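Hello,

Here is the structure we talked about handing over. Please open it alongside this message, and then read on for what turned up.

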Amino acid sequence: MASHCLRAIINKKGKSETVSVISLLRQTINETKSQHKTSTHKNQVTAVNAFQRFLHETMQTLETVTIDELTPETIKSFENWAIGEGFKPNYVALHMRCLRTLINKINGRGSELFKHVCTTNRQTEKRAVGKETIKQIRELHLPSDSNMALARDIFLFCFYGMGIPLIDAVMLKKSQLRDGYIIYNRHKTNRMVKVPVCQELQLLLERLPSNDSPYLLPVITNDKTDKMKQYRSFYQRYMRSLKKLTLLSGIECRLTSYTPRHTWASIAYRNGVNINNIAQALGHANTNITYLYIKELSCWHLETANKIVMQAVQ
């Protein structure tokens with residue numbers, strides 16, 4: 001639904017006055033900024049910037065293109081342009097979702113305009129690794145004070161912590177570790193998760209560098225400085241270190257911040273843990289999301305089921 005300010009530039013017939021679509025989109029972003037997370041606002045700005053480039057390069061009449069002149073063909077052309085620019089498929093889909101949301105807020109035409117483009121993410125690579133890979137990573141000999149050692153330990157912390165997301169791990173405070181459990185609310189869904197501190201997790205915590213901050217992991221070191229800024233800085237170092245760990249250990253697949261989470265779910269599923277329990281451990285609202293984590297195991301599951309049936313009839 002368009003806001004009061006936006007309605008002021010839409011006439012009684014539902015047609016926008018002569019305001020460029022880019023100006024209207026930017027105005028919508030500014031008016032809804034306080035309603036969104038920083039990452040959502042940043043994604044919307046990036047999507048509109050890309051759309052502005054597309055209009056400028058293809059239509060050459062940027063100032064006079066209004067939102068009423070947009071068609072499904074225009075949006076499809078934008079998708080093709082973005083792909084031609086070398087944007088990855090999931091990045092293009094993110095742009096489409098952001099623009100669709102903004103246009104829906106203005107005039108409700110999002111579904112109509114975006115009906116011919118892809119707005120969902122594709123799983124482009126395997127995110128889980130096997131238990132042998134976890135052992136390889138754990139047994140790497142690394143200088144104790146190196147970035148790679150810290151990255152390896154936090155990677156294992158996320159795995160031992162029942163697939164705790166990286167941002168939730170980094171934001172954990174020491175006060176959240178009590179009576180043998182780590183209790184946290186997921187940053188993404190605010191669902192509470194209670195993680196038992198297993199022996200491996202306890203030993204890892206004892207090995208990590210000590211710090212005077214209230215945070216459990218040595219990442220957020222200054223509580224007075226922007227925590228998200230510290231997290232983003234660490235995230236870049238973390239991903240670089242994971243890339244080096246991949247090369248050093250000879251692992252064939254790429255390690256990412258998602259790997260511990262997907263790997264924990266996959267190993268749990270392969271070892272007979274109930275899907276509802278896996279969903280609870282991951283902080284998922286329902287098992288539909290959890291199934292996306294383990295869908296690559298569906299063939300293994302069917303193969304196992306078929307062996308059971310064949311053995312029954314022998």
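Leucine 177 sits opposite isoleucine 182, a residue of strand 2. Please keep in mind that this is a predicted model.

The pairing behind that is antiparallel: strand 1 (residues 177-178) meets strand 2 over 2 bridges. The hairpin they form has 2 residues between the strands. One of the residues in that loop is aspartate 179. Aspartate 179 has a positive phi of about 55 degrees, although it is not a glycine. For context, most residues other than glycine have a negative phi. Is aspartate 179 buried or exposed? Its relative accessibility is 75%, so it counts as exposed; the cut-off for that is over 50%.

Tyrosine 181 stands opposite proline 196 of strand 3. The hairpin of strand 2 and strand 3 has 6 residues between the strands. In this hairpin, asparagine 190 takes a positive phi near 65 degrees.

**Another positive phi**

Methionine 162 is not a glycine either, yet its phi is positive, about 60 degrees. Look for methionine 162 in the loop between helix 8 (147-160) and helix 9 (166-170). Methionine 162 has a relative accessibility of 14%, so it counts as buried. The limit for buried is under 20%.

**Helix 2 against helix 3**

Two packed helices are described by the angle between their axes and the distance between the axes. Helix 2 (residues 21-32) and helix 3 (residues 38-58) pack at about 175 degrees, and their axes are 10 Å apart. Helix 2 is therefore roughly antiparallel to helix 3, as angles over 145 degrees count that way.

Which residues make the contact? From helix 2 they are Val21, Ile22, Leu25, Arg26, Ile29 and Thr32. From helix 3 they are His41, Gln44, Val45, Val48, Asn49, Phe51, Gln52 and Leu55. By type, the contact residues of the two helices divide into 8 nonpolar, 5 polar and 1 charged.

**Serine 20**

Serine 20 lies in the loop between helix 1 (4-7) and helix 2. Serine 20 is buried, at 12% relative accessible area. What does its side chain do? The side chains of serine 20 and serine 23 are joined by a polar contact of 2.8 Å.

**Leucine 99**

Leucine 99 belongs to helix 5 (residues 89-107). With 1% relative accessibility, leucine 99 counts as buried. Which residues does leucine 99 touch, leaving out those up to four places away in sequence? They are Leu25, Ala47, Val48, Phe51, Phe78 and Phe114. Leu25, Val48 and Phe51 are also among the residues in the contact of helix 2 with helix 3. Leucine 99 and valine 45 are 54 residues apart along the chain, and their C-alpha atoms are separated by 9.6 Å.

Best wishes

Technical notes:
Residues numbered from 1 in each chain as written. Predicted model: local features only at pLDDT ≥ 70, side-chain atom pairs only at ≥ 80, totals over all residues. Heavy atoms only, no water. Axes fitted to C-alpha atoms, helices over the stretch in contact; angles between N-to-C directions. Helix = DSSP H or I, 4+ residues; strand = E, 2+ residues; numbered from the N terminus. Parallel < 35°, antiparallel > 145°, perpendicular 65-115°, else oblique. Contact = heavy atoms within 4.5 Å. Nonpolar A, V, L, I, M, F, W, Y, C, P; charged D, E, K, R; others polar. Buried < 20%, exposed > 50% of the residue type's maximum accessible area, 1.4 Å probe, protein only. Polar contact = N/O pair within 3.5 Å; in protein donor to acceptor, adjacent residues only side chain to side chain. Pairing = 2+ DSSP bridges.
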